[in-house]
Amino acid sequence: MGMTDENDDRADGPEKQRGRMVMRRSQFQSSTTDQRLLDSRGPTDWVHTDPWRVMRIQSEFIEGFGGLAELGPAISVFGSARTKPDDPFYTKAEEIGRGLAEAGFAVITGGGPGVMEAANKGALEAGGVSVGLGIELPFETGLNTYVDVGLNFRYFFARKTMFVKYAQGFVVLPGGFGTFDELFEALTLVQTQKVTSFPIVLVGTAYWAGLIDWVRQTVLADGNVSEHDLDMFWVTDDVDEAVDVMATAQDRRQSPAPGAGEKFDEPHRPD
């Protein structure tokens with residue numbers, strides 16, 4: 001009788017199910033998991049920790065992959081954000097954006113002003129897809145008004161991945177350190193065969209002449225690059241030539257002819 005009374009007493013009291021777990025007596029919690037999530041207040045230092053940064057970085061890649069996966073053939077256009085609308089290179093960038101769109105390419109820029117704005121404008125007005133990949137900077141904010149598809153990034157490396165992953169080539173107009181950064185990353189990726197069938201065109205022979213001369217006369221002369229590395233890029237002042245290089249490379253990628261398109265030394269792997 002006593003045992004029965006004791007078991008009856010232990011069976012009394014509140015009971016709660018949390019997911020697959022049953023909680024009774026002293027383990028009972030009156031609040032719900034959702035309630036604790038939404039009511040939670042406390043220290044905010046955790047949003048500045050590396051584990052949380054990893055989640056933010058992951059989200060930038062997910063948003064980038066998801067937003068651009070169906071973009072189709074595209075060309076990334078780089079150049080200075082400081083180029084004014086009355087600068088001849090603004091006009092040239094606009095013509096390049098237009099020419100690429102008419103050739104069937106989407107145009108990807110950094111989404112800012114100057115050369116980026118001009119290329120986006122040319123693509124938009126030609127009926128092409130105009131993409132801007134912005135970056136959080138202390139002195140530049142917002143995407144230019146000619147961007148159709150825009151993504152903003154916190155991290156340069158996530159943004160730079162999108163420039164390369166979803167483009168079939170680069171057109172590089174005069175610019176500063178950011179432009180040089182993108183140019184040399186592209187050259188490195190081609191040199192190391194991380195990307196294949198990836199044309200790079202420098203627009204502005206006078207602007208790029210000093211850099212190319214230094215590469216040839218100093219870097220090549222010292223044996224730090226090979227002669228064939230200088231064949232990785234074209235230099236021109238002609239808009240039609242720049243567009244034609246991209247279109248020809250795209251035709252070659254789509255061709256069934258031997259040697260066309262991408263080649264891999266190893267069997268394709270899912271990674």
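Reply: In this predicted model, helix H4 passes helix H5 in a crossing that is right-handed. The two helices pack with their axes 7 Å apart, at an angle of about 35 degrees.

Me: Which residues of H4 and H5 meet, and how many of the residues in that contact are charged?

Reply: From H4 come Tyr-90, Ala-93, Glu-94, Gly-97, Arg-98 and Ala-101. They meet Val-115, Glu-117, Ala-118, Ala-119, Lys-121, Gly-122, Ala-123 and Glu-125 of H5. By class, the contact has seven nonpolar and two polar residues, and the number of charged residues is five.

Me: Is Glu-94 buried or exposed?

Reply: Glu-94 is found in helix H4. Leaving aside neighbours within four places in sequence, Glu-94 is in contact with Ala-118, Ala-119, Lys-121, Gly-122 and Glu-125. Its relative accessibility is 14%, and the cut-off for burial is under 20%, so Glu-94 counts as buried.

Me: How many residues of H5 are buried, and what covers them?

Reply: Helix H5 spans residues 115-125 and is mostly covered, with eight of its 11 residues buried. These are Val-115, Met-116, Ala-118, Ala-119, Asn-120, Lys-121, Gly-122 and Ala-123. Their cover includes strand S3 (74-78), H4, strand S4 (106-109) and strand S5 (130-135).

Me: Which residue just after H5 takes a positive phi?

Reply: The phi value in question is about 85 degrees. The residue that takes it, just after H5, is Gly-127.

Me: How far apart are the axes of H4 and H9, and which residues make the contact?

Reply: Helix H4 (residues 88-102) and helix H9 (residues 239-254) pack at an angle of about 35 degrees, and their axes are 9 Å apart. The crossing of H4 and H9 is right-handed. On the H4 side the contact is made by Lys-92, Glu-95, Ile-96, Gly-99 and Leu-100, and on the H9 side by Val-239, Val-243 and Met-246.

Me: What is the make-up of the H4 and H9 contact by class?

Reply: Two residues in the contact of H4 with H9 are charged and one is polar. The nonpolar residues number five.

Me: Which residues touch the most other members of the largest nonpolar core, and which element gives the most to it?

Reply: The largest nonpolar core has 33 residues, and Leu-133, Phe-170 and Ile-200 touch the most other members. The element that gives the most to this core, with five residues, is H7.

Me: How many residues are in the second, separate core?

Reply: Among the members of this second core are Tyr-90, Ala-118, Val-171 and Val-239. The core is separate, and its number of residues is 22.

Me: What does Phe-170 touch?

Reply: Residues up to four places away in sequence are not counted here. Phe-170 then touches Ile-75, Ser-76, Phe-78, Phe-163, Val-164, Glu-182, Ala-186, Phe-198, Pro-199, Ile-200, Val-201 and Met-246.

Me: Where does Gln-193 lie, and is Gln-193 buried or exposed?

Reply: Gln-193 lies in the loop between helix H7 (177-191) and strand S8 (200-203). Its phi is positive, near 60 degrees, in a residue other than glycine. The relative accessibility of Gln-193 is 56% and the cut-off is over 50%, so Gln-193 counts as exposed.

Me: What percentage of the residues in the chain is buried?

Reply: The chain has nine helices and nine strands. Of its 271 residues, the buried ones make up 39%.

Notes
Residues are numbered from 1 along each chain as its sequence is written. This is a predicted model: local features need pLDDT of at least 70, side-chain atom pairs count only at pLDDT 80 or more; totals for chains, interfaces and linings use all residues. Side-chain values use heavy atoms; hydrogens and water are left out. Axes are lines fitted to C-alpha atoms, for helices over the stretch in contact, and angles run from 0 to 180 degrees between N-to-C directions. Helices (H or I, at least four residues) and strands (E, at least two) are DSSP runs, numbered from the N terminus. A crossing is left-handed if the near helix is turned anticlockwise from the far one by less than a right angle, and right-handed if clockwise. Contact means heavy atoms within 4.5 Å. Ala, Val, Leu, Ile, Met, Phe, Trp, Tyr, Cys and Pro count as nonpolar, Asp, Glu, Lys and Arg as charged, and the others, Gly among them, as polar. Buried means under 20% relative accessible area, exposed over 50%, partly exposed in between (1.4 Å probe, protein chains only). A nonpolar core is a set of buried Ala, Val, Leu, Ile, Met, Phe, Trp, Tyr and Cys residues joined through side-chain atoms within 4.5 Å.
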